[in-house]
Amino acid sequence: MTQPAATATRDEPTPAEYSAQIRRHLETIRRAWLWLQFPTTTPGGAPTGKPGSRPPIPVDPLSLRAEITHDLAYWCHALLEDHPEGRRADAPLLDLTDVPAMLEHLLAETRWIGGWAFAKRMEDELRYHAIDARTIAWPRTSDSIFLGECPVTIGAGGEAVTCGGRVRATARHVGDIPCPRCKTKDTIEGWLLRIVGTDRPVTIPQLVPILAGRLGVRVDERTLQRWHKAGRITPCDGTEGKPLFDRRHVLTVVVAREAMKGQRSA
Ligand SMILES: [Zn+2]
């Protein structure tokens with residue numbers, strides 16, 4: 001059932017590119033595999049998402065291990081069926097439940113796999129597994145957190161232009177954060193004042209989209225209510241039933257919390 005490899009068009013990767021991509025995904029899965037068995041964090045609650053969906057939070061490690069094992073066995077099997085000539089007579093039987101062995105087997109074939117008729121599908125499947133595996137194995141790939149775009153006005157040839165550099169706070173440089181573009185330095189509070197301004201205080205429900213949009217941090221209303229009760233965030237105004245918060249204060253608390261998480265996982 002060998003099919004001729006599809007001719008590469010401009011939009012489609014070449015066989016060599018497919019080979020390189022597939023190799024990268026396999027290597028990512030190989031590096032992550034140990035961590036998938038002993039994940040550093042477990043996602044809260046039950047397994048998420050329907051089959052085939054890609055939720056933004058990590059899938060649970062048990063399901064991902066099962067999916068990866070199943071799919072690697074499928075690809076090893078398909079490869080042997082389609083290219084029996086590639087198998088040495090004295091090669092040991094491949095255990096289709098042994099993920100490291102299957103990864104080694106597939107990695108040894110990646111030189112030509114990019115030209116295989118199923119390379120596109122294989123690359124597609126492995127890419128999602130590699131992304132999920134990385135998300136679980138290394139929940140925070142960076143110990144920095146995005147604060148916003150630099151609003152500093154820089155003069156370019158007499159014209160006033162907003163800098164727009166992407167300012168990130170890191171756990172190591174909390175008091176002295178530079179803009180990567182204009183090199184302005186400030187503290188977290190200083191940057192948040194520049195970026196968010198001194199707008200009027202907001203309610204807890206209003207904070208949810210602000211945190212998500214500004215910091216990419218998902219904190220739900222109930223968590224914020226809990227923080228409020230525990231005194232981790234303090235309202236600056238409002239009545240008992242409808243407390244109002246200075247958004248910079250809450251952003252600072254969240255940034256400090258994220259920086260701590262980054263330090264722990266580093
Ligand atoms: Zn800047």
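Two residues are taken to be in contact if their C-beta atoms, placed from the backbone, lie within 7 Å. In this predicted model, Leu94 is located in the loop that lies between helix H2 (61–82) and helix H3 (99–113). Apart from its neighbours within four places in sequence, Leu94 is in contact with Cys76, Ala101, Met102 and His105. The C-alpha atoms of Leu94 and His77 are separated by 9.4 Å in space, and the two residues by 17 residues in sequence. Leu94 has 16 C-beta neighbours inside 10 Å and therefore counts as partly exposed.

Helix H1 (residues 15–37) and helix H4 (residues 119–137) have axes that come within 8 Å and cross at roughly 30 degrees. Because angles under 35 degrees count as roughly parallel, H1 and H4 are roughly parallel to each other. Their crossing is left-handed. On the H1 side, the residues making the contact are Pro15, Tyr18, Gln21, Ile22, His25, Leu26, Thr28, Ile29, Ala32, Trp35 and Leu36; H4 contributes Ala119, Met122, Glu123, Leu126, Arg127, His129, Ala130, Ala133, Arg134, Ile136 and Ala137. Classified by residue type, the contact of H1 with H4 comprises 15 nonpolar, four polar and three charged residues.

The buried residues of H4 are Ala119, Met122, Glu123, Leu126, His129, Ala130, Asp132, Ala133, Ile136 and Ala137. These buried residues of H4 pack against H1, H2 and H3.

How values were computed. Residues numbered from 1 in each chain as written. Predicted model: local features only at pLDDT ≥ 70, side-chain atom pairs only at ≥ 80, totals over all residues. Axes fitted to C-alpha atoms, helices over the stretch in contact; angles between N-to-C directions. Helix = DSSP H or I, 4+ residues; strand = E, 2+ residues; numbered from the N terminus. Parallel < 35°, antiparallel > 145°, perpendicular 65-115°, else oblique. Left-handed = near helix turned anticlockwise from the far one by under 90°. Nonpolar A, V, L, I, M, F, W, Y, C, P; charged D, E, K, R; others polar. Buried ≥ 20, exposed ≤ 12 C-beta atoms within 10 Å, placed from the backbone.
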